[in-house]
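Let's take a walk through this protein together. Have a look at the picture and keep it handy as you read.

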Amino acid sequence: MMKDEVKDILYHLYMTARGNLQRLMPKEVRIVTILLTIEDPEQLMCGLKDAFTPGDELEGKDFDNLYTTPEKLHTWIKAVVNAYHFSREGTLVKEARDLMNPTIIQKMEKMEKLIRDNFM
């Protein structure tokens, strides 16, 4: 009986810590991670418009109405893409370089171009 209680407590602590760590992440990074899951170009454009539309910044289990400016989001995306390209030249440690997925980088390059062409 005590082992089950310990499992429940540890699971609760893990989920709480995980949620707190996600809230510490910059909002631009959270927005990019959400936008990367969108496959349809029209939905991506709607997602970008929503990301740049000011509103109430509500955070919680059911809400995530974060917004940013096109310039800030473009800066974050460009930094990640540049870090990926520079890592090929040996500036990043091999372990960190292996964490960057080329398909994600391609999506981010397309998103960067969309932001530059339509919002800046």
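Here, two residues are in contact when they have heavy atoms within 4.5 Å of each other. Keep in mind as we go that the model is predicted.

With that in hand, find helix α3, which covers residues 41–51, and helix α6, which covers residues 102–119. Their axes come within 11 Å and cross at roughly 65°, and the crossing of α3 past α6 is right-handed. So who touches whom? On the α3 side you'll find Leu44, Met45, Leu48 and Lys49, and they meet Met111, Leu114, Ile115, Asn118 and Phe119 of α6. Sort the residues of this contact by type and you get 7 nonpolar, 1 polar and 1 charged.

Now for some charges. Side chains of opposite charge can pair when their charged atoms come close. How many salt bridges does this model have? The count comes to 4 salt bridges. One of them joins lysine 107 to glutamate 39, with the closest N and O atoms 2.9 Å apart. Lysine 107 sits in helix α6, while glutamate 39 sits in the loop between α2 (27–35) and α3, so this pair ties together parts that are 68 residues apart in sequence.

Last stop: the surface. Look for Val6, Ile9, Leu10 and Leu13, which make up a nonpolar patch there. Together they have about 390 Å² of accessible area. Leucine 13, one of the four, belongs to helix α1, residues 2–24.

How values were computed:
Residues numbered from 1 in each chain as written. Predicted model: local features only at pLDDT ≥ 70, side-chain atom pairs only at ≥ 80, totals over all residues. Heavy atoms only, no water. Patch = residues over 30% accessible without salt bridge, like charges linked within 9 Å, V, L, I, M, F, W, Y side chains within 5 Å. Areas by Shrake-Rupley, 256 points an atom, 1.4 Å probe, with all protein chains shown as cover. Salt bridge = Lys/Arg side-chain N within 4 Å of Asp/Glu carboxyl O. Helix = DSSP H or I, 4+ residues; strand = E, 2+ residues; numbered from the N terminus. Axes fitted to C-alpha atoms, helices over the stretch in contact; angles between N-to-C directions. Left-handed = near helix turned anticlockwise from the far one by under 90°. Nonpolar A, V, L, I, M, F, W, Y, C, P; charged D, E, K, R; others polar.
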